[in-house]
Amino acid sequence: MSSPVHSERLARVRAELAARGLDGFVVPISDEHMSEYVGDYAQRMAWLTGFGGSAGTAAVLPEKAAVFVDGRYTVQVRDQVDGSLFDYVGVPQSSVAEWLGANVSAGQKVGYDPWLHGIDWARGLEKALAAKGADLVAVETNPIDAAWDDQPAPSDAVVTVHDAALAGQAATQKREIIADWLKANGLDTTVMTALDSIAWTFNIRGTDVSHTPVGLSFALLHADATTDLFIAPEKLTDAVRAHLGNSVRIHDRSAFEAALADLTDKKVAVDPDRAVAAIFTALESAGAKIARHRDPAVLPKAIKNDAELSGTRAAHVRDGVAVSRFLKWMEEAAPQGGLDELGAAAKLREFRDASGVLRDLSFDTISAAGPNGALPHYKVDETTNRAVETGTLYLVDSGGQYADGTTDITRTIAIGSPTAEMRRRFTQVLKGHIALATARFPKGTRGSQLDILARQYLWADGVDYAHGTGHGVGSYLAVHEGPQRIAKPAGGQAGTEEPLHAGMILSNEPGYYKAGAFGIRIENLVVVTPVRIVGAEEDMLGFETITFAPIAQNLVDVSLLSAAEADWLDAYHAEVFEKLGAGVEDEERAWLEAACAPLDRAPAALAA
């Protein structure tokens with residue numbers, strides 16, 4: 001693959017670096033808030049390399065450059081990034097520090113933007129470069145921005161008030177709880193930079209980042225329960241200002257760095273996983289006493305209250321109606337030919353829009369036909385758009401943002417007759433999904449301890465999947481929300497050692513991917529709930545499934561299911577029909593009833 005556009009951009013960046021006396025530069029997918037999904041203005045790696053994933057980094061040297069991605073993007077990065085311009089480097093097998101350490105020379109200077117990287121990352125890279133006699137240099141302005149002529153400006157959209165009836169708690173109460181936490185820990189102030197934490201703490205929402213309802217802002221919360229909110233004033237309506245009240249002082253977002261300099265001698269809590277290196281540097285320069293603490297909004301945001309859980313259950317029923325209508329449409333339209341991935345994604349959006357209350361998608365729909373389904377985080381566009389063909393599998397991972405909840409669901413369907421291999425792998429994924437959905441575990445259990453439940457049947461055949469099994473989900477907020485996660489403990493993946501608490505929402509999404517052939521994933525969202533077990537000697541937890549849409553029964557090899565697994569699928573489908581039947585038209589209801597009918601257990605005996 002040859003990419004003249006990205007070759008020219010890489011040359012411009014190298015010229016800009018040379019003009020600044022730099023020999024290299026590191027380009028992450030990140031913004032000043034260390035967000036997972038970033039605004040268009042912060043898509044610097046995509047502009048430079050062509051990579052369209054949501055996680056990755058690029059590094060540029062005078063004669064070499066590289067892109068660093070994890071196992072989710074191994075195939076995608078090769079499709080999108082010119083290998084003659086950039087080396088492909090897998091993480092965590094390697095790292096930016098290792099690659100630069102192997103390729104820099106003594107005396108060279110490598111730049112980084114301290115507003116886009118964490119402090120520990122910066123110090124680690126500084127140490128690695130020093131071992132080679134090279135220097136890490138914090139730049140005052142980003143050289144990518146200087147080379148990017150048509151870089152979009154940050155969004156100036158107004159923010160809105162998130163109704164307290166949906167939030168379940170007034171913003172003033174949330175800030176008072178954080179103030180009490182500060183006082184209990186002998187702290188004066190906490191720095192809040194994560195956009196979803198700010199949105200949750202102040203009960204506001206925005207449209208500054210695609211698919212994540214947040215507004216670009218920073219906040220300083222103080223032990224006296226007052227707050228300094230740094231946000232472009234034009235983003236605040238009179239209604240929002242009235243909602244925030246007198247205890248919230250409003251400043252322009254650009255005044256945030258200067259405000260850090262005023263915290264001299266203050267004891268300031270900063271989250272090193274969410275606050276960029278520039279914030280630590282500014283506080284150190286001011287003489288503040290830095291205390292490393294996790295953002296105090298993270299855990300309460302993850303543990304949903306009754307109002308939030310009620311809202312998300314309603315949102316999931318509404319969303320399930322849309323997805324089920326789409327699945328019926330796909331079953332009828334796909335075999336006729338002429339359908340492609342973009343067309344299917346647009347039709348699914350149309351069904352969601354029909355609810356009349358959809359605010360946005362919760363992420364770019366993964367509409368993946370045939371071999372594109374083998375890319376777990378595939379993103380369809382005009383260049384990758386593939387026809388949906390008979391004899392293949394179609395995978396669709398999608399979600400909606402509603403004022404009362406955030407959804408995320410994946411379904412895999414067969415176009416025509418599936419092969420025996422497809423059915424075996426689908427059933428193994430389903431068995432893992434059921435094993436996790438029905439798990440019972442003691443209070444204090446971590447996501448890493450549950451992950452094997454979803455993988456065990458695939459492992460028995462010597463296969464696996466390269467992504468986590470479950471991520472946290474917000475309440476009309478980020479579709480990927482920490483701190484909880486269900487994944488392998490290896491590689492230091494954040495969240496896998498976080499204890500699960502009642503009220504947390506997670507995804508349950510095992511999968512299987514055969515490169516160049518097909519992909520399979522079954523994803524529902526679940527809520528951690530208390531479980532009563534007669535005679536139990538521990539406080540026990542389990543999962544309540546809150547996602548409702550049919551699972552393709554023609555992909556199930558019944559002979560591989562135990563009786564208990566078959567019973568679970570039948571019970572799940574009965575609940576799907578019960579919850580969704582009233583929301584669809586007569587013809588759709590007949591299809592839904594058939595799709596949710598009990599398994600035909602006659603073809604083969606159930607597994608022991």
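# A walk through a predicted model

Visitor: Which residues does Lys109 touch, leaving out those up to four places away in sequence?
Guide: This is a predicted model, where local features need pLDDT of at least 70, side-chain atom pairs count only at pLDDT 80 or more, and totals for chains, interfaces and linings use all residues. Residues are numbered from 1 along each chain as its sequence is written, and side-chain values use heavy atoms, with hydrogens and water left out. Contact means heavy atoms within 4.5 Å. By that rule, Lys109 touches Gly21, Leu22, Asp23, Gly24, Asp135 and Val137.

Visitor: Is Lys109 buried, exposed or partly exposed?
Guide: Buried means under 20% relative accessible area, exposed over 50%, and partly exposed in between (1.4 Å probe, protein chains only). Lys109 has a relative accessible area of 34%, so Lys109 is partly exposed.

Visitor: In which strand does Lys109 lie?
Guide: Strands are DSSP runs (E, at least two residues), numbered from the N terminus. Residues 109–112 form the strand that holds Lys109, and its name is β5.

Visitor: Is Asn203 buried or exposed?
Guide: Asn203 is not a glycine, yet has a positive phi of about 50°. Its relative accessible area is 2%, so Asn203 is buried.

Visitor: Is His211 buried or exposed?
Guide: His211 also is not a glycine and has a positive phi, about 75°. Its relative accessibility is 14%, so His211 counts as buried.

Visitor: What is omega for the peptide bond that joins Val91 and Pro92?
Guide: That bond is cis. Omega is about 10°.

Notes
Helix = DSSP H or I, 4+ residues; strand = E, 2+ residues; numbered from the N terminus.
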